[in-house]
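Let's walk through this model together, one question at a time.

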Protein chains: 2
Amino acid sequence: MDLDDLDTPSLVIDLDTLERNIGEMAAVAREAGVRLRPHTKTHKSPEIARMQVDAGATGITVAKLGEAEVMADAGLDDLLIAFPLVGERKLGRLRELLERAQVRLSLDDVEVAEGVGRVGKELGRDVPVLVEVDTGLHRMGREAGDPSARLALDIAGVPGVEVVGLLTHAGHAYRAGDPGELRTIATREAMDVLDTAERCEHEGLPIREISVGSTPTAGVAAAVDGVTEIRPGTYVFNDVQQMRLGIATEETCAATVLATVVARPTAERFLIDGGTKSFSSDGGDGPPFPGRGVVVGRPDLVLDFMSEEHGVGHLVGDAELRIGERLQVIPLHVCSTVNLFDAAFGVRDRVVEREIAIAARGKVQ
Amino acid sequence: MDLDDLDTPSLVIDLDTLERNIGEMAAVAREAGVRLRPHTKTHKSPEIARMQVDAGATGITVAKLGEAEVMADAGLDDLLIAFPLVGERKLGRLRELLERAQVRLSLDDVEVAEGVGRVGKELGRDVPVLVEVDTGLHRMGREAGDPSARLALDIAGVPGVEVVGLLTHAGHAYRAGDPGELRTIATREAMDVLDTAERCEHEGLPIREISVGSTPTAGVAAAVDGVTEIRPGTYVFNDVQQMRLGIATEETCAATVLATVVARPTAERFLIDGGTKSFSSDGGDGPPFPGRGVVVGRPDLVLDFMSEEHGVGHLVGDAELRIGERLQVIPLHVCSTVNLFDAAFGVRDRVVEREIAIAARGKVQ
């Protein structure tokens, strides 16, 4: 089947680009001497997770227990659930999962650790946990340094869990104004966690794992001495958000939404058959990438706004565009875009090589 | 099963409120003497569509051909696809659908009508179409008045289609600053289409259907003499967007996301286990409903931002909140929220009465 045979809108993955992206991040980790545990929330696909592991990832990260279950079903057996598990239903499922996969958890509270610890006691072995440290995002975690070290020591005292490391997510890197600021955030991310680890070790708690690094910060953070693991996610596909940060280019973006021009109501306006229910409303726009997505090879087309199923744009200068033409659009935020599709189409040189199931989509619990 | 037995995050529908909302809009249409063809993009559920038809809707509206197929599979047989169908794949599917359901289409271009007309000629009967008119949203359609009348006359000349009416969507009503402006937009929406219809009829093209009205404008538009059909969608559930417009209150919002408090990293901050992958990033916030959703019965809790799986908020004043507590959050934009779940739970008096499949979710083609 050819790309032209796909109905629209479809999520299309360029396999050459995907494979190159996977290989390059594996090389970054290998050369820095750190482990790579990619965050699979970007693709939610056991097939792509397997490609990452085959390229050298030592395990994977997931955002939700339901995603972990899907990945374990597919034979991925070294999982970090980077989300606190709270409540008896989740703890029951965690217990079952621990019987068939290696699972570690991140959390930031003694009470959450106590729940997990009960599961560990039932199983007769400690559940490995990473204590989440706030390095500036102000989401999960106590402040880096003494507050987080004290928390780690308290959690280490909870029966049934073993503190194996510290973890952070410097999501505020996405707000960096320039490459210099991005580098500062990435370095501080690693240094803050290492400082916290030193305080833990000073109090007698050994910290084996220092887990940091998202797609924009992973390269810098991996190179900081003492870091043991990076967890980038978006790099497999990249998106306009990464282009804006200078991390990606149109050529390194692997995922696009294939859409059809369905209306030309005025000389300037065009509509495609995909809106926020194919792209999500995530992500900001503005120069140098104006619009709600980048139309591949067509800088003369700008997507001005989206409603649920309509993408509404305008033609720049002498641009021409007919109803029925098909466009490939790089989304602003690929993770939320992929999450709207049940499957993607893996394409090489315009030939559809295979369908890729987004099997963990919708596993929000 | 009790509400407390549901794992989180879950999409919860209060059945009493849903039934009341469905009944009230049916009464609005009945009393105005217009037909109700609710837009099912809000719920994507054949079960809820059936409730709407049982309450008096004469048919339903869908946004996509794939949604129409799901609804037809469930026995809903009077469908308006309010989206232009372009391309041979879609036209082939349309032909199949026309053999098992009454289907009308909206469109705004002669070229699109010609494709649909080929299907009509193959079937040996005209496909009924509504010509979309731009009444201020500047999405689909030519300007109301002469430009749209000329288009309707041109489309009426295409073999294989029959122009049965005119249609508009005044989505710009969502930007109305106050009830007066909303009323003006709703009235203009109807009057502009009626004016266009008059010009068509003056040129010898009878216009039987005047189809207008979204949730915020349906009541006003239905009362305008000459309107024949309203197509509100969001009213089944309502959301913060409708509360902001003065159309809904916390008590008339039927859909909430049930979430668990999973972290309390600081005295002021809390996190729930749902973010943009459970709520979407749609919708603006600000007074009088600050935050990324309204926590039912808890004005002392404000959701400040969401990442993909985390909802991050703060406590106001003397508020107290423990890890493990469960909250029900009214989404800013319910249509995009529902679209993230495979199923909802229908609840009455805190008892889970049934699971409701969001069967048309993901049918983006």
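Predicted model: local features only at pLDDT ≥ 70, side-chain atom pairs only at ≥ 80, totals over all residues.

**Domains, fold and chain contact**

Residues are numbered from 1 along each chain as its sequence is written, and chains are lettered from A and ligands numbered from 1 in the order in which they are written.

Q: Which element gives the most to the side of domain 1 of chain A that touches domain 2 of chain A?
A: Domain 1 of chain A brings ten residues to the contact and domain 2 of chain A brings 14, where contact means C-beta atoms, placed from the backbone, within 7 Å. On the domain 1 side, at least two residues each come from α11 (334–338) and β18 (351–357) of chain A; helices (H or I, at least four residues) and strands (E, at least two) are DSSP runs, numbered from the N terminus. The top contributor, with three residues, is α11(A).

Q: What radius of gyration does chain A have?
A: The radius is taken over C-alpha atoms, and the globule rule is 2.2 Å times the number of residues to the power 0.38. For 365 residues, a compact globule would come out near 21 Å, and chain A agrees with that at 22 Å.

Q: What percentage of the residues of chain A count as buried?
A: A residue is buried if 20 or more other C-beta atoms lie within 10 Å of its own, exposed if 12 or fewer, and partly exposed in between, with C-beta atoms placed from the backbone. Among the 365 residues of chain A, the buried share is 59%.

Q: Within what arc do the buried residues of α6(B) fall?
A: In helix α6 (residues 146–156) of chain B, the buried residues are B:Ser148, B:Ala149, B:Leu151, B:Ala152 and B:Ile155. The arc is that of the directions from the helix axis to the C-beta atoms. These buried residues line one face of α6(B), because seen down the helix axis they fall within an arc of 160°.

Q: How many residues of chain B are in contact with chain A?
A: Elements giving two or more residues to this side of chain B include α4 (88–98) and α5 (110–123). On chain A, 49 residues take part, and the number from chain B is 49.

Terms used:
Contact = placed C-beta atoms within 7 Å.
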